[in-house]
Amino acid sequence: MLREINFDGIIGPTHNYAGLSHGNLAATRNAGAVSHPREAALQGVAKMRANLALGLAQGILLPHGRPDRRWLASLSTDYAAAAPHLKAQALSASAMWAANAATVSPAPDTADRRCHLSVANLVTMPHRSHEWPGTLAQLRLAFADDDFAVHGPVPAPFGDEGAANHMRLCASHEAPGIEIFVYGVSGGGFPARQHRDASTAVARAHRLDPARTMFVEQAEAAIAAGAFHNDVVAVANERVLFAHEQAFADREGFYAELHRRMPDVEIVEVPATRVSLADAISSYLFNAQLVTLPHDGGMALVLPSEAQATPSVWGWLQEMVAGNGPIRRLEVVDVRQSMANGGGPACLRLRVVANPARVDPRFLVDNDRLDRIASVIGDYWPETIDPATIGQAALIDRMENARRALLETLGLVELIDS
Ligand code: SUG
C-alpha cells in the first residue's frame, strides 16, 4: 500500500533570475538574465510525464502567491513602494524547489506509525524565508488524513532546508529505514544553510528511533565549491547511497557507521579523480532522482541534460550502467530553466512514501491532469521576464491571474490567499 510519490513544485509564473542565493553558483551566474516562465513550467510538466512513463506515482505542489504581499506588509511596505531587493525577494518563484518544502519521515520509521512532515523554515535566504506559511497551508490540505502528522517550522535562527539535506536508506520503501540528516557547520565563503539543531529538532518531532537516525556533517569544501544543499552531492534510494567522494566531512567515519547499522547498504561513490567536485556541481550529476522502477525492481537515475553534456560525468555514468551495479538505467530530462537558478530534477520534487489513497487527490496527477495544467500554463504564464521589468503593474497582474487560473482549474481555490 505504501509507495514513493514524488510531489513536484509547479514552476510559477514569476520564475525569474534575480541572483538571490549567495553560494548557489548557477543562480548567481545568471543574475539579470531574461527568464522564460512558460517554457520553465512546461519543462517541469514534461519531467513529471517522464516519471509517470516510468510507472512512478506523481503529485504536485502549487506556486505560491507572488509577490508575497503579506510578507511585504509585515515589512511595512507594499510592492509598488518596496526597495528593488525586497521586490525581487517578494516575487521569487523559489517554492518550485519542493525538495526544500519539508522533511518527510515515512510511517515505518516513526514511533506512532504516521508519516511525519515538517515544513522547512528556509531562514538563511530572505527570499525563501517567507515560503513556509504557503507551503504549510498546502501540506495541511494534501496530507490532512490521519495517516500523516504535519509540523510547523523549527524556529529561527536554526536554518532548515528540508528534504534536500535528508536521506533515507531502507530495504524497500515500506520497510523501516535509516534516516540521515546532513548539516553544515561552515561553507568557506558561503553560508551553511542546514543547522544541526534544526535537524535534531525535526528528528525528535518525527519520533524517530535514535538507533536508526544519523546526523552527518557536510564537507566544508563541498559547500565552498557550490553544494549549498547535500542533494547537490549525494542522493539515496532504498539500499543505495550515490555520492561524490568529497560530499561528507568525515567520509570514512560515516561510511563505517552506516555499514554497521545497515550491513547491506550499497555505496556507489564517484571518485574525485574521475569527476571533480566542480563538474559534479555544474552538471548536477547527484541532483538526479534515483528511483526504483516498479516493473523490474531495478534503479534508474533521472538526470538533467547538463549531466549528459559534461564529458567527465557522462563517461563515468556510461561505465557505471555497463557494470554490475544497482543503477541500471539513465533517463535524461530537460529542466534548463530551473537549472539556471540552481534547481535540478531532484530539487523540483518532494518524496513522500505513503498510500496514495490517503492523499488529497487534488495533489496527485496523471497525464490528463497534466494536460489541463499544461494548457493553463500555455494560456497564462508569461513567455519571458526581464528582471528590469519586474516593477510593472501589468506584469504583476498577469502573474497573479495566472496562478488564480491554475488554482481554479485544479479545484484548489482555498489556496488563493495563502
Ligand atoms: O535555494 N535557487 C534555489 C535552488 C534550490 C535548489 N534546491 C535543492 N538543491 N534542493 C536556492 O538556492 C535562486 C533564486 C534567485 O536567485 O532568484 C534560488 O533560490
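Helix α15 is followed by Gly411, whose phi is positive, near 70°. That is our way into this predicted model, in which local features need pLDDT of at least 70 and side-chain atom pairs count only at pLDDT 80 or more, while totals for chains, interfaces and linings use all residues. Residues are numbered from 1 along each chain as its sequence is written, and side-chain values use heavy atoms, with hydrogens and water left out.

**Helix α15**

Helices here are DSSP runs of H or I with at least four residues, strands are runs of E with at least two, and both are numbered from the N terminus. The 17 residues of α15 (residues 393–409) should span 24 Å at 1.5 Å a residue, and the end C-alpha atoms are 24 Å apart, so the two values agree. That expected span is 1.5 Å times one less than the number of residues.

Which residues of α15 are buried? They are Leu395, Ile396, Met399, Ala402, Arg403, Ala405, Leu406 and Leu407. Buried means under 20% relative accessible area, exposed over 50%, and partly exposed in between, with a 1.4 Å probe and protein chains only. An α-helix has 3.6 residues a turn, so residues three or four places apart point the same way. The buried residues of α15 pack against α3 (69–74), α4 (84–91) and α14 (367–380).

**Strands β6 and β7**

All five residues of strand β6 (residues 166–170) are buried. Two strands pair if DSSP finds at least two bridges between them. A hairpin of six residues links the pair, and Leu169 stands opposite Ile178 in β7.

| Residue | Location | Relative accessible area |
|---|---|---|
| His229 | loop between α8 (220–224) and β9 (234–237) | 2% |
| Leu139 | helix α6 (residues 132–142) | 0% |

Contact means heavy atoms within 4.5 Å. Leaving aside neighbours within four places in sequence, His229 is in contact with Asn100, Arg128, Glu161, Ala164, Asn165, Arg193 and Gln218. With residues up to four places away not counted, Leu139 touches Ala102, Leu117, Val119, Ala144 and Val150.

**The nonpolar cores**

A nonpolar core is a set of buried Ala, Val, Leu, Ile, Met, Phe, Trp, Tyr and Cys residues joined through side-chain atoms within 4.5 Å. The largest has 80 residues, and those with the most contacts inside it include Phe7, Phe143 and Ile180. A second, separate core of 23 residues includes Phe242, Ala280, Met320 and Ile327. In soluble globular proteins, nonpolar side chains tend to be buried together.

**The whole chain**

Finally, the overall picture. The chain has 15 helices and 15 strands, and buried residues make up 59% of its 418 residues. A compact globule with 418 residues would have a radius of gyration near 22 Å, and the chain has 20 Å, which agrees. This radius is taken over C-alpha atoms, and the globule rule is 2.2 Å times the number of residues to the power 0.38. The C-alpha atoms fill a box of roughly 60 × 45 × 40 Å, taken along the principal axes.
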